[in-house]
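Hi everyone, thanks for coming. Let me put the sequence and the structure up, and then I'll walk you through a few places in it.

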Amino acid sequence: MSETAWIDGRAVTTQPGDTILAGARRAGVDVPTLCFEPGLAPEGGCRVCLVEVEGKAHPRAACHTALRAGARVRTETPALEALRRDVLALHVEMGGLAGDFTGTPFGALLARYGVAAPERPAARARDATHPYLRFDPARCITCRRCLHVCADVQGSFVYGIDGRGPETRLRVGPDDRFDTSPCVACGACVEACPSGALSDADREAAGRPDGAAQSVCGYCGVGCRIEVSVEAGRVAGVRGVPDAAVNRGHLCAKGRFAHAWQRADDRLRVPLLRTGTPDDPRWREISWEEATARIADGLREVRARAGAGALGALTSSRSTNEAAYLLQKLFRALLGTNHVDCCARVCHASSSHALQLVTGTGAASASYADIERAERIVVAGANPTEAHPVVGARLLQQARRGTPLCVIDPRRVDLCDFAALHLQVRPGANVALFNALAKLLLESGRVDAAYLDARCEGLETFRAFAASLSLEACARDAGVPLESLRHAADLLAEGPTLFVWGLGLSELVQGTASVMALANLAMLTGSIGRAGAGVLPLRGQNNVQGNADMGAMPAQLTGYQRLDDADVRARIARSWGAPPPTLPGFTIPEMFASARRGELRALWIMGEDVVQSDPDETRVREALASLDFLVVQELFETGTARYAHVLLPAAGYLEQDGTFTNGERRIQRVRAAVPAPGSARPDWLAVRDVARALGADWRYAAPADVMDEIAAVAPHLFGGVSYARLAGDGLQWPCPAPDHPGTATVHAQGFLRGRGSLVAVDYEPSPEHGVPEHPYLLVTGRVLQHYNVGTMTRRTPQRRLAADDRLEIHPEDARREGIADGAAVRLASRWGETRVLARHSTRVAPGTLFLSFHYPETHANRVTGPHRDPRSDCPQYKATAVRLARA
Amino acid sequence: MSRDARDATAARGVASFYADLHADPAALRVCRGTSCWLAGGDTVWRRRSQEGACRGAYCLGWCDRSPALLRPDGRVATGERAREGDAADAPDARPDVRSLAREPIVTARIARGSFAALDVARGDGAYAALARALAGPRESVLDAVERSGQRGRGGSAFPTAAKWRDCAATSAPSRVAIANGDEGDPGSFLDRVLMEDDPHALLEGLLLCAFAIGAQEGIVYIRSEYPRAQQRVRDAIAQARAANLAGPRILGSGFSCELSVVSGHGSYVCGEETALLNSIEGRRGEVRLRPPYPSERGLHGMPTVVNNVETLACVPAIVARGGAWYAARGTPACAGTIGLCLNAGFARPGIVEVDFGTPLSAVLADAGGAAGGGVLDAVLLGGPMGSVVLPRDFDAPVDYDAMSARGLRLGHGGLVALPRGADVRGLLLHGLAFMRDESCGRCAPCRLGSARAHALIATQPGAAPRDALLRLLDVMEQASLCGFGQLVPGPLRELATHFRAGVFGEGA
């Protein structure tokens, strides 16, 4: 039987599920469409894609008519032209349209078919209630593409259709306005709109862009590829790269719209020397030459006086791999200390440490593409639709497609609306919950025995441990009904599962334990190393994965290589001219403690506001204030920057070249779209020049040169990585050779450490559990509108979307405490207190509170305490005993 | 918050779609169906509109005694009572039901009165076929329906057994059987009478369907314009359930099936099966793209069979007496009988059952021609998606295919008399208003074209809008998404061309 169809005389090989439109596009035949949204189910409403099929009396809509073998289709006939023209004319005559459609697909069709644009005043007013989004009903042709992308790509369900017949029209949210709608400003609808009815502030402000650059978003660790259009040296707009593996054109509000920080008035523009105190900083502008010399002198002086162990550095997870690599190299190779760390310490250090121990590599085994392949998904301790919106949307859509989703989180996060199951675990009690699930799986024999036998070790010890556990006790500790645990075990028993998690597992005293306990489940279900399954921790910052990869860790070298491996040391010595010091250095909390003891005397902080982001703010300030010499590279004068002796103006992600590595180990190219303000410079360049001032012969002319060295230093992961190969979607490490395609699924051929290790790890109550007179457990975290300490997002219209941090409190608790919605609250722990505004919310269970930390005046980290995971040194942000009082 | 907002947005979209959901529940409903319009319903409508809360409905299904109105208490007033006020008809008012068929099947009971009470229906043999079928394999039921050659009576004449087999062949864990009681075609009222007076035939047919396809749930979707039918079917379900004829382990067999009634909310398009599914799911009653067909993915994604009321009401007889018995009636391609509805424009209105193949002229003769002895200029056949039949085609046999060969559509079998002297331009305008008001709004040609066409005729006198109108009807017919937009223009064009002078003036 013939597999061929003919479209306008061109032969097309039919494919399963083919439509005439898909076939025509493959054949290069242009069939006009208005309501068709690529990648989504056809709507079939605009009727401009009508074609003639031989043997059929009436024209057929190409978008939803199957292309059958043998079919003969014509897409351009006088009758079709006339039909399309008359249908378009109906919009103009009867659709209530007004305005100029030039430059839109609808306008192009009007011109192509000779339909005059409408000339009448608009009957309904334009909606401009939102900081970004605009809706002009007089330009809406009710094609519903916005509705479908909002529902089926983003998952926000902003749009509805009102009325029927000729009264049918688009509704924007319950009140027909953006500001009260559930819109998250992802902007996908604006991209989809064919008539310009939907627009945004950037598009309205843009004139004629004169340039564009493809790069990677600098907000979260998802790593969306963006295309930045530029007009006279300013960002004119940001779009998702349509064919990007990570985001397929999708973005969140931060990635798309929150770029005003780039031209904020208070950007640092020149190097500064502090003359005042940190409380009242006054600054003297200095040249880069002077700044570089002062930094080199300062570091040299401290080392001469107090030894190499008195020096430390924090690389920036917001900056590039190249910058992180060079800063750790500078401290190790030139200054002779391993006191190098990055903010992974205060986020996923526990995940990284646990995975390294039990699997052999401290990173995700899976890729985002596994979300769409997954047959069941667990999301634990994470709120992806807010903190990782593009991955959150992919998870949400996969759940909508019917993949069972189990959410394990103290909060009823938005994903729960789409989940088969939500286990509302007590903060800090993950281990009890995961152990109970392991016991349920083992005791019913519903584990992947062949996988465990072939790939894992420690099963018998673990089985004995599980047997010793009491399910009732686990359920009680976890705060989850045993019945729910049984349902979750039933879900896992079905087979390989994709385990996605966030800082709700990691940022606890039992952080490493939580991740190991989860990894046990991943092994019992035979998940790690399989497509559509495995472990996928969601990395927080755009390049936190890369910072750890680059060796910004005190006990490991570039590529997670051991400090005590002689071959590694020899290879690095050849490259660096000197081997790294042998003794492991300090973690961030250890550096601060050392500083407070008067031992650590000088610190270089590349782009991190530890005053706002690290726990126990008061003690962090003490540490910084005690330093003899502090170098900070920053975009703005942050709380941390005020302690700097030399403050260097940095280039942001829109202003520099280099690479970021996302949470699925994907190394992608970052490219400067606009110039940095003043004399602000990329971090790597500032580091290079200080190294030269210290006498090093660092010849890197561009970030690509740095990447070549990284490949040579850690060939097992990066040997095949070079800028020439990083166009497009980049490479996922391990990529050990120039002809290696990169790795989507790690451990596919067996665990990198040999055998995956099942670890018996018992639940231990948190030191913040059961604290007398502190009846609530506080969880801190992020909200959709802001990014981390808000340095960037607070300087954008995101501020209008979320003007402050709010304490989420269950209405029952609020009633008992007499706290009204919106009232000021005094929030106190044993470690400190702050004053915040309350928001009643049923997202938290009674007894649990949630507070974001985006605004410095919130001082959320005055309340968080000193506890750290003894294995990873990661602080406990996710459970702090607090009490409340009306302020 | 986001979920509330999402639900609110969707709910407003749904509420604004269905006439009932944004209308005054205390409003009187005035029938604006074709029969009532021809009977001067517009006068009733105008007068009642001035008097108080009042809304129109396409249609109330009392075409044999037009004009009609439906009171908020669920009772109807027809004929002179509707013209003068709203005094209710007698509660047991029912149309004249007669048969020209060799043997009446679908009207066998309703011709003799009401069989709504279970004991009365069982006394007449109801549920005997079900009881026998449950003792055997479901294949026997499928086989009987297949051999009968029965085609769906909703208008599309699709073979009943083909739907059932497609659905039965799916591997889904649960399936649904649905009776389509959304008899919206102005001019038809057979399904209403069946639901009111022979609900157990419908339920038995529905249960046989559910048994045959492996469904555990049966739903009767009934339009809100039929409150009495809703009540009678609800009562019938309660009686059947109490007698173990519905619900768990029916008649002691392994077959369980829960039955329920779902009410429509005022939308003609919801008679289309995929729009009906959306309506049951609480969505806007817009059609779905096919494939997938409901038999594969229907209500809430479950494989679903949707059959018209008349179709299902025949099934017990088919199963009881065998497919061959049924297939022996009618014509080879159109087996069995069909119940035709004749409106008040005929001398003898009512329901007439005929064997397929019976000439239309025989039906018209039996009906005594036009009421009052007038001349019948045409018969409006098969509702708004049917045909305008001129006297030259009165000899056409009642038969889907033979009529189709003449360009006629039998539809659901309603006949509305078009007497000489009728205001055909008004009738055309009325038809265009119907299309505009009932278009679901999903596709552009139907949504915008119907309004444009109505505006043309309403605002431009004489022959001026003629060419533009005909072109618009073509565009809608050629370009619309579903059967509504594709088929409603047909009879409107026929009206405009057959009665050119009447519509556009002499010399047009």
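Let's start in chain A, where strand β3 (residues 50-53) and strand β5 (residues 72-74) run antiparallel and are joined by 2 bridges. Strands here are DSSP runs of E of at least two residues, helices are runs of H or I of at least four residues, and both are numbered from the N terminus. Two strands count as paired if DSSP finds at least two bridges between them. Within this pair, E52(A) sits opposite R74(A) of β5(A).

Before I go on, a word on where this comes from: it is a predicted model, in which local features need pLDDT of at least 70 and side-chain atom pairs count only at pLDDT 80 or more, while totals for chains, interfaces and linings use all residues. Residues are numbered from 1 along each chain as its sequence is written, chains are lettered from A and ligands numbered from 1 in the order in which they are written, and side-chain values use heavy atoms, without hydrogens and water.

Back to the sheet. In what order do the strands of this open sheet come? The order is β2-β1-β5-β3-β4 in chain A, 5 strands with mixed pairing. At the edges stand β2 (10-13) and β4 (60-61) of chain A, each with a single partner strand, so each has one side without a neighbour in the sheet.

Chain A also has an open sheet of 3 strands, β28-β29-β30, with antiparallel pairing. Its edges are β28 (658-661) and β30 (731-732) of chain A; each has a single partner strand, so one side of each is left without a neighbour in the sheet. β28(A) pairs with β29 (residues 666-670) of chain A over 4 bridges, and G658(A) faces V670(A) in β29(A).

Now one residue: L423(A), in strand β19 (residues 421-423) of chain A. Is L423(A) buried or exposed? L423(A) is buried, at 1% relative accessible area; buried means under 20%, exposed over 50% and partly exposed in between, with a 1.4 Å probe and protein chains only. Beyond its neighbours within four places in sequence, L423(A) has contacts that include C406(A), L433(A), V480(A) and A488(A), a contact being heavy atoms within 4.5 Å.

Finally, chain B, with 22 helices and 14 strands. Of its 508 residues, 61% are buried. The C-alpha atoms of chain B fill a box of roughly 70 × 65 × 45 Å along the principal axes. Thanks, all!
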